[in-house]
Amino acid sequence: MGAGHGHKLHYHGHSVVHRAPAHLKILALLAFMLVVVATPRDWYAAFAVYLGVIAVVVAVSKVPPTYILKRTVVEVPFLVFALLLPFVAQGPKTEVLGVTVSQHGLEAGIALVVKGTLGVLASLTLAATTEPQDLLAGLERLRMPNQLVQIMAFMVRYLDVVTDEMQRMKVARESRGFNARNPKHWPILARSAGALFIRSYERGERVHLAMLSRGYTGRMPE
Amino acid sequence: MHVPDGFLDAPTSTATAVVAIGCVGVALVGARKELDDKTAPMAGLVAAFIFAVQMLNFPVGAGTSGHLMGGALAAVLVGPFTGVLCVSVVLLVQCLLFADGGITALGTNILLMGVATVVVGWLVFKLLQTTMPKRLALVPAQAGIAAFASVPAAALLFVGLYAVGGAADISMDTLLTAMLGVHVLIGIGEGVITFLAIGAVVAVRPDLVYGARRVLARRELEIRSEVTA
């Protein structure tokens, strides 16, 4: 709380990648990933080239590769799905390490892991090199509706405030001996969620009144 | 769970993105009626709330836990249009700032979690509200049932999308059974937690719950001439 202005994935730096306009970075990520997704799954050389492109961008950005690799844990849930594919898909069977699996499922599973991992690596690179406010400016330049940009700006601005509020409620619960172990404890957690909503909503009302008193008319000043 | 890059092929992803943009556009127009000039700060704070509530872990037992998706919860709390906007912005932020959900799958994710759960949740909620007696005490239960229905509905839409542009030829029956089976279970959790959470808000600030406004007892202005001690 109160330490640094970047979000959790941001890695402070001044490289070319950090300084590049955010709207170009978003477009580049989108174009790159569309190419990756559209690549036929047996073009293994192409995927190696894509990985090389990401590696070069990461190297230029001077973000430590371990910093990015550690954060790829977000893809664990879908890795589980990819692991299941060879066993549930149809088509001709093949044998891997003595286990009979579906040929198509195996290929699809590998393709899913490769494409998904490339996506996570590329997205992490964008997140590590772009400040939230630059991202918002970039989205505005990409003609995202002003109203949506504003909503996102408020969300990003108050994200830590609201999550910290939830963290304080957790500390308060646990300091009273509460320990959630099974569904019997759901009512307490749900009441916390309800209280968090009321606090967030009321904070929104206060923010709105504070803005009105400073001359807000529904649009951000240019 | 967010759909990653490469799960659906490029044409399907592009098509869902176009539909998602259309839905968000409709929601932008509709949300102005729900919140007027308050839209930006209120929806922003509610989006931050949805993001936070997705981090709140509910223990299922045996060391595992799950969390809310919050689509139906958002619809009942702030109205369907604002709900769509809030969840969509949450997904956008998760995609760009937290690398959660692929950028080419953003349209799919918005369509599944931002539009399908909110719209289905809201429609079921409205249907229950028109068929059941207008009582404030029933709102949490109606919201819970709506939340329960919204999760398998989104899973059903996912299976449909997968049938069109999926990466592997899984038998559709197997996928449908597996997805519906799992998501009915998830839906029960979502329903119970939404019921409890809406109940908690209705007990303290029923005026804040968008879905409860119509059934909120109208109180006549009462002028008391004597001051009671």
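Colleague: How many salt bridges does the rule find across the interface of chain B and chain A?

Modeller: Keep in mind that this is a predicted model. For a salt bridge you look for a side-chain nitrogen of Lys or Arg within 4 Å of a carboxyl oxygen of Asp or Glu. Across this interface the rule finds one. The partners are Glu202(A) and Arg205(B), whose side chains come to 2.2 Å, N to O.

Colleague: And how many residue pairs are in polar contact between chain B and chain A?

Modeller: Here the count is one pair, with both residues at pLDDT 80 or more.

Colleague: Which parts of chain B touch chain A?

Modeller: You go through the helices and strands and see which ones supply residues. In chain B, at least two residues each come from helices H1 (10–35), H2 (39–53), H3 (71–78), H4 (80–98) and H7 (172–204), and from strand S1 (58–61). H2(B) gives the most, with 14 residues. Sorted by kind, that side of chain B has 50 nonpolar residues, eight polar and eight charged.

Colleague: What area do the two chains bury between them?

Modeller: About 6300 Å², with 81% of it on carbon and sulfur atoms. Leu45(B), Leu96(B) and Leu97(B) supply 11% of what chain B buries against chain A, more than any other three residues. In residue terms, 66 from chain B are in contact with 73 from chain A.

Colleague: Which domains does the assignment give for chain A?

Modeller: Domain 1 covers 16–136 and domain 2 covers 145–212. To place them, compare their C-alpha centres: those lie 33 Å apart.

Technical notes
Residues are numbered from 1 along each chain as its sequence is written. Chains are lettered from A and ligands numbered from 1 in the order in which they are written. This is a predicted model: local features need pLDDT of at least 70, side-chain atom pairs count only at pLDDT 80 or more; totals for chains, interfaces and linings use all residues. Side-chain values use heavy atoms; hydrogens and water are left out. Contact means heavy atoms within 4.5 Å. Buried area is the accessible area (1.4 Å probe) that two parts lose on being put together, summed over both. A polar contact is a pair of N or O atoms within 3.5 Å; within protein, one must be able to donate a hydrogen and the other to accept it, and residues adjacent in sequence count only if both atoms are side-chain atoms. Helices (H or I, at least four residues) and strands (E, at least two) are DSSP runs, numbered from the N terminus. Ala, Val, Leu, Ile, Met, Phe, Trp, Tyr, Cys and Pro count as nonpolar, Asp, Glu, Lys and Arg as charged, and the others, Gly among them, as polar. Domain bounds come from an automatic or database domain assignment.
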